[in-house]
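Reader: I would like to go through the labels attached to this model and see what each one rests on. Please set each value against its cut-off.

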Amino acid sequence: MTPSQRETTGSWKFEAGIVGVAALTLTAFLTYMMMKQEAVRAEPVDHFVQSDYDAFDRNFELEGARCELGLIEQKICMHKSPMESDIVRGEPLPDYIPDMGTQFRVVVETSLKADQFRTVAYGQTLALVEPGSRYVQDVLHLTAPDFVSAQNSRLEPKV
């Protein structure tokens with residue numbers, strides 16, 4: 001073997017080694033990213049979370065009027081409803097309250113809910129309702145000062 005052939009063979013082995021290391025590194029990186037993506041993928045939940053509360057704007061002006069709660073981008077102001085105080089977590093909705101889903105982008109902006117539940121807005125309160133049984137899985141009072149209070153507060157009964 002001539003010296004020129006030895007250099008070519010040595011160079012080829014070196015380059016093949018670099019390509020092999022690069023391929024292994026890329027494979028390890030892609031495997032790591034796929035595992036990380038699986039861990040981050042949102043699982044549907046059966047309760048309201050902080051992002052549900054945070055999706056709403058509070059105390060803003062809309063078309064010259066003061067709005068306590070709503071969605072500025074969609075130009076929606078949510079007003080109080082006399083039905084809000086009749087919605088109780090862990091009980092079915094009273095018969096006179098419809099269980100229609102929200103008609104605006106709240107569901108899109110908030111976290112993914114389990115398929116068996118429907119997010120329903122009544123005035124300034126959200127309820128997570130099971131449509132068939134009308135069972136109220138969770139309630140979120142959006143006028144509360146923070147998320148923890150919004151979960152635990154109970155509206156005053158109607159007068």
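Reader: Why is R89 called partly exposed, and not buried or exposed?

Author: Buried means under 20% relative accessible area, exposed means over 50%, and partly exposed lies in between (1.4 Å probe, protein chains only). R89 has 39% relative accessibility, so R89 counts as partly exposed. Note that this is a predicted model, where local features need pLDDT of at least 70 and side-chain atom pairs count only at pLDDT 80 or more, while totals for chains, interfaces and linings use all residues. Residues are numbered from 1 along each chain as its sequence is written, and side-chain values use heavy atoms, with hydrogens and water left out.

Reader: What makes the pair of D138 and R89 a salt bridge?

Author: A salt bridge requires a side-chain nitrogen of Lys or Arg within 4 Å of a carboxyl oxygen of Asp or Glu. The closest N and O atoms of D138 and R89 are 2.9 Å apart, and the pair is listed as a salt bridge. The search of the whole structure finds 1 salt bridge. D138 lies in strand 6 (residues 135–141) and R89 in the loop between strand 3 and helix 3 (106–109), so the pair ties together parts 49 residues apart in sequence. D138 counts as buried because its relative accessibility is 5%.

Reader: Why is T125 called buried, and which side chains does T125 meet in polar contacts?

Author: T125 is at 0% relative accessibility, so T125 counts as buried. Its place is in strand 5. A polar contact is a pair of N or O atoms within 3.5 Å; within protein, one must be able to donate a hydrogen and the other to accept it, and residues adjacent in sequence count only if both atoms are side-chain atoms. The side chains of T125 and E84 are joined by a polar contact of 2.5 Å, and those of T125 and H141 by one of 3.4 Å.

Reader: What makes a set of residues a nonpolar core, and which members of the largest one touch the most others?

Author: A nonpolar core is a set of buried Ala, Val, Leu, Ile, Met, Phe, Trp, Tyr and Cys residues joined through side-chain atoms within 4.5 Å. The largest has 17 residues, of which Y53, F56, M78, L126, L140 and L142 touch the most other members. Strand 2 (65–71), strand 5 (125–130) and helix 4 (147–152) each give two or more residues to this core. A second, separate core of 9 residues includes I87, I97, V129 and V139.

Reader: Which residues does Y53 contact beyond its sequence neighbours?

Author: Contact means heavy atoms within 4.5 Å. Leaving aside neighbours within four places in sequence, the partners of Y53 include R58, L140, H141, L142 and F147.

Reader: Why is K75 called exposed while N59 is called partly exposed?

Author: K75 has 59% relative accessibility and therefore counts as exposed. N59 has a relative accessible area of 48%, so N59 is partly exposed. Phi is positive in each of these non-glycine residues: near 55° for K75 and near 50° for N59.

Note on methods:
Helices (H or I, at least four residues) and strands (E, at least two) are DSSP runs, numbered from the N terminus.
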